[in-house]
Amino acid sequence: PSVPRHTNRLINEKSPYLLQHAHNPVDWYPWGQEAFDKAKKENKLIFLSVGYSTCHWCHVMEEESFKNKEIGEIMNKNFVCIKVDREERPDVDKVYMTFVQATSGGGGWPMSVWLTPDLKPFVGGTYFPPEDGVHRVGFRTVLLRIAEQWKENKDALLENSQKILEALLHRSEARVRGQESPPPAEQVMATCFQQLSSSYDEDYGGFSESPKFPTPVNLNFLFTYWALHRTTPEGARALQMALHTLKMMAHGGIHDHIGQGFHRYSTDQHWHVPHFEKMLYDQGQLAATYSRAFQISGDEFFADVAQDILLYVSRDLSDQVGGFYSAEDADSYPTTTSVEKREGAFCVWEAEEIRALLPDPVEGATEGTTLGDVFMHHYGVKETGNVSPMKDPHQELKGKNVLIVRCSPELTAAQFGLEPGRLGALLREGRRRLAAARAQRPRPHLDTKMLAAWNGLMISGFAQAGAALAEQQYVSRAAQAAAFLQRHLFDPASGRLLRSCYRGRADAVEQSAVPIQGFLEDYVFVIQALFDLYEASLEQGWLEWALQLQHTQDKLFWDPKGFAYFSSEAGDSSLLLRLKDDQDGAEPAANSVTVTNLLRAACYSGHVEWVEKAGQILAAFSERLQKIPLALPEMARATAVFHHTLKQVVICGDPQGEDTKEMLRCVHSVFSPNKVLVLADGDSAGFLYRQLPFLASLERKDGKATAYLCSNFACSLPVTSPQELRGMLCP
């Protein structure tokens, strides 16, 4: 490659997204004091551009505008330009996204915001084309107009930015003045169920027409709703909605049938044509959700999908030291000689490619049938491509096929006169050959940043799958990743988490010069992961660390006035607002997950004030939970867990004993949203016995592994058979 013409300060950063922009002709600065000082000293406006490395429109805007020398000159002359990776700094992203959404009615990435030298926003938007078009102003024009305004009307502009900030402060304050008590759980659950039910797509599953996101928070809500209303028609419908959605997603093009794992979302109603990036947070949550679906239904189909996701993550998103990478991009070079990247190039197929790879005649099928015929029929492959031009505005997928399961195995077998039992092996062979062919293509860009929060979600995925599927290797992988977090994203001296670390030279794990401190979501998702990992592995060290982190989280983020936790800690003067997230989206909001964390923490420690905090969070969000729980399905779910009180399932026994293992397998095989598992191993000096003195009074009946169901530290009569225990767990 030729020597780059331009190099800016981003060359010293660790984030793959910032490094992608290090050779733009724009004089980019990272978010930090150097840029702020320059803006003040030269009395210049700041142009803030926020994106992430797998964002398609971020790439487009870079190609069109940030690589354009003339536009770069306009930017450098009039503005101090700052680039932010939203995955590294979700706090900065949220402050300015709140502004963009409030002023333009929409939001998204790339986010483009103009700030005064003291960081107050006054104009913002998302993607701008480089030049003026019929319907849109071009980026060049916007830059020149704003520079002109700053020269002509500086005072008006500053005054306006102050007013905007006051309005935003008022809005973020007003959001969480709740009543004093948590909202009624039955009503919140019923409303959330109704709202999901009425937006449900009966044919294809999911909860919108298009685009369709996997949104595991909705499915987890439905599982909990079912568990609490098993015998009612509504309960049955909740389960049916969740399982049908998971089946349709697994059959769809959003699921990578050749390379495993799930893409970020589908652009159509049928889960067919996705945006092809793959995010770690989706894999983690979906692995857990498919494992739960298996636990509830006993259908191996769901276990297979969970294993498929974990195979993808182990192979393609795993660092050799144990951490998990953030994402894989949607765009890649179609061939080794291509000069421009195309979306989905790594994943899509022409019919003739598949024919050439699968020419073998199939024995026992109708005369002349090839493996290609069977494969193409089953996966909806068409000679002219199976992507509707409506879903392909840039003609990147013309003539290409996105694989989607169009038929049941029985129908495909019948079509070719095959015995249904033989189809599985034929399709497996087809997928194996396509995977080998695909391995020759240039891979999409891999974002090797490792984030504490997303690693937490993935550890939960491995731990829950390990427990529900009885697969020890998954529990070991989760433990390896937790040990990685403890080593690379935790500072034992201060007891604090760090946000991110990076794969550096020679694959060493590196940290930025000034490490980014963990945000609320890092604590919450890691604590959840450690509780899940304890239940799967019964190693008490993970519990001890979880409770320590919970104390740190309380200290750094709790709002004693308005209740609930702030997303970022106090004391960063460059952050105009301390916000509280109030939406469970692609990832759940931290305050939603923390409610269940606090209840679990109380069960493992006996600290009742954590139960009180959980109630205060629900009270703070009470109005939203009663009106539009659909915006907070994970918090609505937690409302029910709070209301029904968590039950401690205590197994007294020798961890190595066969009878103990049998009891534990029974607990892991049952979906019960309001249980926490405790193993009382008889070690009275151990962490749990010190935390929970009542454990000392529970004994093994007739020397056998014995289970107790305890609530508020009072326990049921002992049972010693897995059948009786199952009966207690599924009343």
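An α-helix has 3.6 residues a turn, so residues three or four places apart point the same way.

Residues are numbered from 1 along each chain as its sequence is written. Because the model is predicted, local features need pLDDT of at least 70 and side-chain atom pairs count only at pLDDT 80 or more, whereas totals for chains, interfaces and linings use all residues, and side-chain values use heavy atoms, with hydrogens and water left out.

Helix H17 (residues 452–468) has 17 residues and reaches 24 Å from its first C-alpha to its last, close to the 24 Å expected at 1.5 Å a residue. Since 17 of the 17 residues of H17 are buried, this helix is largely enclosed by the rest of the structure. Just after H17, alanine 470 adopts a positive phi of about 55°.

Aspartate 447 belongs to strand E12 (residues 446–447) and is buried, with a relative accessible area of 0%. Leaving aside neighbours within four places in sequence, aspartate 447 is in contact with Pro16, Ser53, Glu87, Tyr325, Ser326 and Ala327. Between aspartate 447 and tyrosine 502, which are 55 residues apart in sequence, the C-alpha to C-alpha distance is 9.3 Å.

Overall, the protein contains 27 helices and 21 strands, assigned as DSSP runs (H or I of at least four residues for helices, E of at least two for strands) and numbered from the N terminus. The radius of gyration, taken over C-alpha atoms, is 27 Å, close to the 27 Å that the globule rule gives for 731 residues, so the protein is as compact as a globular protein of that length; the rule is 2.2 Å times the number of residues to the power 0.38. Of the 731 residues, 59% count as buried, and among contacts between residues at least 6 apart in sequence, 69% join residues at least 24 apart.

Definitions and conventions: Buried < 20%, exposed > 50% of the residue type's maximum accessible area, 1.4 Å probe, protein only. Contact = heavy atoms within 4.5 Å. Expected span 1.5 Å × (residues − 1).
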